[in-house]
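Here is a short briefing to read alongside the model. Have the sequence and the 3D view open as you go.

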Amino acid sequence: MTTVIEVRGVSKQFKIHHERHQSLKERVLHPRSGTTELFNALRDVSFDVGVGETVGIVGHNGSGKSTLLKCICGVLKPSTGQIRLRGSLAALLELGAGFQPELSGRDNVYLYGAMLGLSRRTVDAVFDEIVEFSEIAPFIDTQVKFYSSGMYVRLAFAVAVNVDPDILVVDEVLAVGDERFQAKCVDRIQRFQREGRTILLVTHNADQVRALCDRAIVLDGGDLVADGPTHESLRVFRERLLDEAAEHDPEKLLGTIQIESVTTPSGSFEVRNGAGIHLDVTVSAQGAFSGNFVVEVFTRAGLLVSRSDAQGAPVNLAPGANRVAVDLPALPLLDGVYDVNLGVVDAHGHTVVAWREGAASLQVIYDGREGGIVALGTAVTQL
Ligand SMILES: Nc1ncnc2c1ncn2[C@@H]1O[C@H](COP(=O)(O)OP(=O)(O)OP(=O)(O)O)[C@@H](O)[C@H]1O
Ligand SMILES: [Mg+2]
């Protein structure tokens with residue numbers, strides 16, 4: 001596979017200045033006071049992206065995702081290491097990066113095109129399409145500084161996807177804007193995928209990563225800690241999320257509840273399509289806890305088949321070992337292996353207090369002829 005993005009040993013340090021004297025008068029009197037500290041936002045990050053790949057980048061707030069994208073787009077220069085690109089690149093960086101606030105939307109579109117090396121005539125040719133996609137035609141001659149964040153993102157996305165880039169880099173922006181526009185963006189990204197373009201996608205939405213990416217990279221405190229198939233990387237990400245949450249957990253709940261084991265009455269995890277399976281789960285708790293039990297079923301390719309209602313399965317855990325029965329009464333799934341994730345969340349379904357990714361793998365047997373994930377039992381009758 002041809003490599004289109006090559007990131008080699010990239011580190012990025014920021015200088016952070018700590019002022020000792022806070023007031024203006026003090027700073028005038030002591031102009032060189034304070035200390036400067038070097039902060040590593042990225043540490044020795046290396047990976048390659050092949051042509052046509054869609055790679056997700058996930059990590060906590062401040063883990064270095066945007067810094068990495070900015071280095072790739074050339075907005076920031078790495079402190080050490082190298083980045084090589086093959087082909088043209090269009091980027092949708094964080095809000096605020098990219099557009100000139102004093103200029104109108106129209107001028108920004110042309111400026112952005114020029115930055116990508118496009119002639120005025122080339123931009124002219126796609127200008128109407130850009131405005132149409134963005135749905136902000138009435139405001140195209142308004143200064144960008146008066147745009148709402150939603151309008152800003154609409155225009156930025158519209159430009160990035162209409163200038164025919166080989167590589168598309170998207171930072172988080174899919175979270176902005178209403179659901180309909182988000183769906184339109186996702187649709188457009190999928191079209192890019194079919195066209196064989198290369199995409200780097202930063203998002204906090206794990207479902208979006210699963211749905212769109214073949215591969216995911218996990219950053220943690222500036223280090224690349226996982227790079228592989230999406231579901232494996234997301235497992236690493238979730239485990240780290242839990243570890244870190246445990247450190248900041250005011251009630252110290254995390255780690256005190258564990259999903260210990262999953263068995264079935266027959267000992268087998270094989271199930272025929274349409275039949276059910278019963279999972280017997282052992283959950284240990286150090287103290288009493290009332291919350292909800294959550295069950296997720298994924299395909300091996302990382303597609304979420306189903307997540308149970310996070311508020312619909314109350315459990316009252318007692319100190320010691322607890323048993324929880326999970327019934328999947330009639331699996332309509334087609335042939336294949338499905339991974340089951342199990343978790344315990346708080347009563348509101350917001351905070352995860354225990355999680356076990358890949359707690360069980362179900363082997364579904366199906367000898368019908370439908371294709372896909374789900375057997376719908378579609379019937380066709382000629383009338
Ligand atoms: N220009 C800068 N000067 C100093 N520190 C910076 C600068 N830009 C980023 N940082 C720091 O580098 C770290 C990584 O920031 P970055 O924006 O890359 O994180 P992120 O993973 O994109 O986070 P988020 O999920 O919140 O968008 C943060 O601690 C941030 O404060
Ligand atoms: Mg960011």
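In what order do the six strands of the open sheet come? The order is S5-S6-S7-S3-S8-S9, with mixed pairing. This is a predicted model, in which local features need pLDDT of at least 70, side-chain atom pairs count only at pLDDT 80 or more, and totals for chains, interfaces and linings use all residues. Residues are numbered from 1 along each chain as its sequence is written, chains are lettered from A and ligands numbered from 1 in the order in which they are written, and side-chain values use heavy atoms, with hydrogens and water left out.

**The six-stranded sheet**

- Strands here are DSSP runs of E with at least two residues, helices are runs of H or I with at least four, and both are numbered from the N terminus.
- Two strands count as paired if DSSP finds at least two bridges between them.
- At the edges stand S5 (89–92) and S9 (223–229), each pairing on one side only.
- On average, neighbouring strands of this sheet are turned by 15° against each other, direction ignored; the axes behind such angles are lines fitted to C-alpha atoms, for helices over the stretch in contact, and angles run from 0 to 180 degrees between N-to-C directions.
- S5 and S6 (residues 167–171) run parallel and are joined by four bridges; Ala91 has Val169 in S6 as its bridge partner.
- Helix H6 (residues 179–194) lies across S3 (54–59), S6 and S7 (198–202), at about 145° to S7; contact means heavy atoms within 4.5 Å.

**The three-stranded sheet**

- A further open sheet has the order S10-S12-S16 and antiparallel pairing.
- S10 (257–263) and S16 (320–328) each have a single partner strand, so one side of each is left without a neighbour in the sheet.
- Its neighbouring strands are turned by 25° against each other on average, direction ignored.
- Nine bridges link S12 (residues 277–285) to S16 in the antiparallel sense, and Thr282 has Arg323 in S16 as its bridge partner.

**Around ligand 1**

- There are 13 residues around ligand 1, and Gly62, Gly64, Lys65, Ser66 and Thr67 come nearest; a residue is near if one of its heavy atoms lies within 4 Å.
- H2 (65–73) and S2 (35–50) each supply at least two residues of this shell, and H2 gives the most, with three residues.
- An oxygen atom of ligand 1 lies 2.7 Å from a backbone N or O atom of Gly62, while for a backbone N or O atom of Ser63 the distance to an oxygen atom of the ligand is 3.1 Å.
- Ser66 places a polar side-chain atom 2.8 Å from an oxygen atom of ligand 1.

Technical notes
A polar contact is a pair of N or O atoms within 3.5 Å; within protein, one must be able to donate a hydrogen and the other to accept it, and residues adjacent in sequence count only if both atoms are side-chain atoms.
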